[in-house]
Amino acid sequence: MILIGELSLWVALLMAAWGTTVGFAGGFTKRADLVASAERALYATFGFVVLAAIGLWTALLTSDFSFEYVASYTSANLPSIYKFTAFWGGQSGSLLLWVLILSLYSGIVVFANRHKNRELMPYVMGTLAAIELFFLATIAFGSNPYQRLGWVPPDGTGLNPQLQNPFMAAHPPNLYMGYIATSVPFAFAVAALITRRLDKQWLAAVRRWSLLSWFFLTIGITLGMWWAYVELGWGGYWAWDPVENASFLPWLTGTAFLHSIMVQEKRGMLRKWNVTLVVSTFLLSIFGTFITRSGVISSVHAFAQSSVGYWFGGFLILAIALTAYLVGTRLKDLQATAQLESMVSREASFLFNNLLLVGIAFAILWGTLFPIISEAVKGTKITVGPPFFNQVNVPLGLLLLALTGIGPLIAWRRASVANIKRQFTGPIIGGIVVGAVLLGLGMRDPYALIAYTLAGFVLTTILQEFHKGVGARRRMYGENPFSALFRLIARNRRRYGGYIVHVGVVVLFVAFAGLAFKKTFDVTLKAGESFEATDPFGHQWRFTSQGVSSYQQLNRDVTAVLLEVHRDGKPAGFIKSEKRQHVDSRGFPTFNPSTEVGLKYGLRQDVYMVLAGVTGTPGNETAEVRIDFNPLVVWVWYGGLIMAIGGLIVMWPQAERRKVQAGYVAQLAPEHEKAIV
Amino acid sequence: MPVTHSPTHGPQLTAQSSQPDEFCLMTDSTISRRQFLGAVATGLAAAAIPSALIAQGVQQGSGQQISAATNMAMDDGRYRPVRLPSKGSGPSMAAKQRDELERHIHCQCGCTLDVYTCRTTDFTCSVSPAMHHDVMALVDGGYSAQEIINAFVHVYGEKVLMAPPKRGFDLTGYLTPFAALGGGVALVVALLRKWRPATADGAPVAELPVDATPDELARLDAAMRSDDS
């Protein structure tokens, strides 16, 4: 099976090359036989990539250490689940996962469009096959997981301990599914540009793929934050690391596109902008991969520096040049069919929302690259860490939060004073009440106060929208509140699913602002010693060391400290943090020791404990621990979950009959506003 | 080999490096612009003409020491003492303020963390505890936060700061995003002004196909009217 897999990789490469050639040739010559051949080539590529992946999984699960990849990322005593996930634990395996997902997506696109978008499809297939070709060539010639060592070591190096975590089983595949899904809208954009069919047709084809990408990126980024929180041990979940930033960039531009696409659908505007956003989102996904793999910028999550980064750099430049040429030569075809009428309109608010999202993306990209730029200008190295990103992005993020609330309240085309007054009164009162209450309770952090006030405003906006919708349904159909709410969402998934996403955004901001009240304590404790601390909510905590213990567990030697916890004098369980020294099957250490965080999750705050070191003699050890009270962190995960649920509702297929009714309701509302005015 | 820095003013700073600069990890893992541009050109060629001669990627696990906290390669030899003679005025700040100060100083082990976070997280790092001891000695010596920051910058350069200083070229780092955003807002406003006269007649909104009877429309309209009132 391994040999079949190895050979399949090369056959897949040939298939992708063929698909690229006949895809574009079929489009330019209008020959149906070539187009049909491209379809078959894409299906075949998927099949052979699946075989190549099965081959690698077989090598990993059977610990065939004659392969450099298997020897580098697994050991005989590695639990099977991590042998399986080691597939994406290293450079070449993760590239194979990338092309596996890409070829799956390509197959789905070909199948789903077998009877539609026929003018676009040859170029869509050609573009997708070209991207597959690039990845397969990079794997085959730059970083081949089937590279043999020439000898068989007795055991492998093992998987990095920090990747031996359930989150790492889910985080990279989700992130990749998000990154790679941007290829499909990109392929449709290229096809639309080549054919000059830049109407709504290509947009309709890419909307669901853009949502899919956004959905998986949201899940992938949230899981990545969670992994960093529980595994890295520094007490936070987002450090503005270049690779974290790189995953966030396509999410931002993708989010901008999902808003601006509505403006083009309803008003025929922002056509150049939408093409630019689709192309940028794809290019930023490749840029993220380039950063992770080139070693140009130091990062927590980077793969080892290798020539693969330059392949990505080259591909990025080629893709930018080609798409810039296509957009530049099709500007006339991208003219808007309508124009903006008022600064106070839904479309204008989307424009400002886009400006902010892209502005934040630019600020993050700028900060990520600024060390290189500064060094080029000044000749000295600098560090651009969290203080820089927070200073620049927190104000922009708060503005974005405000727009999240403002946008849905403004009518399409032109909002009147009466409309604004009626729509904004409740939410503004809601925001002011939240801010006043928190001020009264003693909150003084200005950013947190602004964030919570805006959160109150946005949440009231969303509640108001749901209240109106449910009220309308109850009056029209006599439904009870719950079925009215359910049907309201079910009948207009885009709109109300979008509001649910906004609820997730609010929850995230509430959680982010909570970190302003984080409290940290460093303590050294011998067995039996206690430490007392007051948390941000005023509760008294006592931590009593039960001592340091050492033991063997699975594929590691563990040193652990156990603390008994009391909250306000009442027992609150135990908390344990570990240092793990992973060993191979012969007992030899494989990596430096890693940290296992002690965590007590709570809705109001997490108690987070890290064993930073152990001193003293056996039996008389002193544990050096750091204890953090992290307010509201759990709401980051809930916020991500709510956003994902909202995204799922938006994506969920809607029956044609219901679509019509949803459009009718959505359309009537602003018209109705005008009528009243 | 000891290296002595002679500042033009202020107390004498002494820095000692256990390894020459060329052995610093950052030099190994960070690529010069020339190397980078050359390699991108190679990548372009590689993308255009795939060749079996392209070198294999360097696999991870080459024996480099990896930070437990950040999964990044560490180099303990990058520590350099930052020492100043005591002013004799006693500690300049409390432990909490000192911890806060350490959050502005970048650990030099090769990780991305500040000194405080690294030393309280990663017990495999020997650089952050050493830098912490220097901070403690300077605090005990009566130096203010700014003086301590200056001393670290003098020895390590500006890379020891967690964020670039807001002066000179680095100020553009802070201003550019806002300038770009301001430019974007100005562009949108300019476009609006240009567009508005063209559609001031208030032409109706492009309608979506609506499949509803007049009776249904009337019912919905009535419901929404009462909802808004």
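Mentor: Start with contact: two residues are in contact if their C-beta atoms, placed from the backbone, lie within 7 Å. This is a predicted model, where local features need pLDDT of at least 70, side-chain atom pairs count only at pLDDT 80 or more, and totals for chains, interfaces and linings use all residues. Residues are numbered from 1 along each chain as its sequence is written, and chains are lettered from A and ligands numbered from 1 in the order in which they are written.

Trainee: Which residues is V99(A) in contact with, leaving aside its neighbours within four places in sequence?

Mentor: V49(A), E132(A), F135(A), L136(A) and I139(A).

Trainee: What makes a set of residues a nonpolar core?

Mentor: Its members are buried Ala, Val, Leu, Ile, Met, Phe, Trp, Tyr and Cys residues, joined through C-beta atoms within 7 Å. Buried means that 20 or more other C-beta atoms lie within 10 Å of a residue's own; 12 or fewer means exposed, and in between is partly exposed. The largest nonpolar core has 219 residues. V99(A), V124(A), F188(A), A189(A), F509(A) and V510(A) touch the most other members.

Trainee: Which helix gives the most to this core?

Mentor: Helix α9 of chain A, residues 200–231, with 19 residues. Helices (H or I, at least four residues) and strands (E, at least two) are DSSP runs, numbered from the N terminus. Another core, of 18 residues, lies apart; F543(A), L611(A), A612(A) and I627(A) are among them.

Trainee: How do you know that β4 and β5 of chain A pair?

Mentor: Two strands pair if DSSP finds at least two bridges between them. Eleven bridges join β4 (residues 556–567) to β5 (residues 570–582) in chain A, therefore they pair. They run antiparallel. V561(A) has S577(A) as its bridge partner, and V558(A) stands opposite R580(A). Two residues lie between the strands of this hairpin, where D568(A) takes a positive phi near 50 degrees.

Trainee: What about β5(A) and β6(A)?

Mentor: Three bridges, antiparallel sense. E578(A) has E596(A) as its bridge partner in β6(A).

Trainee: Why are β2 and β6 of chain A at the edges?

Mentor: The open sheet has five strands in the order β2-β3-β4-β5-β6 (chain A), with antiparallel pairing. β2 (530–534) and β6 (594–596) each have a single partner strand, so one side of each is left without a neighbour in the sheet.

Trainee: How many helices and strands has chain B?

Mentor: Eight helices and two strands. From the N terminus on, the order is β-β-α-α-α-α-α-α-α-α. Of its 229 residues, 34% count as buried.
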